[in-house]
Amino acid sequence: MTNMDKLYEAVEARGPVCVGLDTDFSYLPADFVDGTLSKGENIVRFNKKLIDATKAVAGCYKVQIAYYESLGLEGLKAYADTLKAVREAGVPVIADIKRGDIAKTAEMYAMGHFTGDFEADFVTLAPYMGLDSISPYLPYAEKQGKGMFVLCRTSNGGAKDFEYEKLADGRHVYDLVGDKLNALGKDYMGEHGYSSIGLVIGGTHIEEATEIRAKYQDSFFLIPGYGAQGGKAEDIAQYLSKGNGGVVNSSRGILLAYKKQPGVAFDEAAYNECVNMKEAIAHACSLL
């Protein structure tokens with residue numbers, strides 16, 4: 001069984017919410033911060049409480065490494081400790097690292113994030129340099145069932161700068177990327193019909209949603225853009241397949257949910273937000 005199979009089963013059991021642990025120190029409630037601890041240590045305390053509170057309603061977690069790198073060495077320890085806490089909770093975890101290099105450098109990135117202190121179940125990758133920026137990760141998919149989510153059509157406004165440019169055959173650049181990754185993924189299929197090579201498909205652009213989902217039926221999607229970036233449940237639902245086939249990330253919307261729920265503890269507020277998000281997406285899926 002591949003990690004993508006495990007993710008599929010997690011979504012089937014608990015829903016498609018991906019909790020983004022993109023934890024900036026400023027997100028922590030002032031009365032939670034322990035002044036005797038470092039910023040990194042406080043972040044880990046915060047993350048662990050969030051994980052404990054939401055693990056029953058989260059399909060997976062995504063940890064964006066930049067928030068931890070910004071704190072230097074103590075931040076990298078916090079990153080490793082956060083990954084460990086998620087894996088100990090028995091929930092799939094995505095290392096959001098967006099690496100995009102080639103050759104020996106990519107081999108080292110793959111080793112660094114699929115083994116050792118920073119081991120995760122999935123990584124995010126950027127394919128601009130070509131398929132040889134993906135291939136160094138594939139032995140880990142083949143031998144250990146590791147997975148990857150590769151940027152295809154993203155949720156940011158700048159996606160229009162390159163990804164939407166038209167090729168001579170009428171396809172967009174994102175179509176070319178998706179087609180090549182989908183073809184490559186045929187050699188890494190799991191038991192539930194999804195490849196270990198997933199796609200990052202932003203949920204803020206919905207014009208092509210039905211077409212993209214139909215075109216890449218065996219590609220699992222990581223769907224950013226929900227909540228703070230403007231993606232709505234009815235938009236997101238179009239990228240799922242009967243409520244599965246993808247995970248929907250929310251970071252600030254969950255981490256900072258306590259600010260919109262006065263008097264509610266941050267971990268309880270995060271749980272409430274996850275439940276609301278899960279129910280909203282499920283309802284939207286039921287209407288399709």
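**Close-up views of a predicted model**

**View 1. Lys-62 sits in strand S2 (residues 60-64).** Strands (E, at least two residues) and helices (H or I, at least four) are DSSP runs, numbered from the N terminus. This is a predicted model: local features need pLDDT of at least 70, side-chain atom pairs count only at pLDDT 80 or more, and totals for chains, interfaces and linings use all residues. Residues are numbered from 1 along each chain as its sequence is written, and side-chain values use heavy atoms, leaving out hydrogens and water. Lys-62 has 6% relative accessibility, so it counts as buried (under 20% relative accessible area; exposed is over 50%, partly exposed in between; 1.4 Å probe, protein chains only). Contact means heavy atoms within 4.5 Å.

**View 2. The largest nonpolar core has 74 residues.** Helix H12 (residues 266-286) gives the most to this core, with nine residues. Such a core is a set of buried Ala, Val, Leu, Ile, Met, Phe, Trp, Tyr and Cys residues joined through side-chain atoms within 4.5 Å. Leu-21 and Met-148 have the most contacts inside it. Beyond four places in sequence, the residues touched by Met-148 include Met-4, Phe-122 and Gly-198.

**View 3. Helix H2 (residues 39-54) passes H12 in a right-handed crossing.** Right-handed means that the near helix is turned clockwise from the far one by less than a right angle; anticlockwise is left-handed. Phe-46 and Leu-50 of H2 are among the contact residues, as are Ala-270 and Tyr-271 of H12.

Note on methods:
Axes fitted to C-alpha atoms, helices over the stretch in contact; angles between N-to-C directions.
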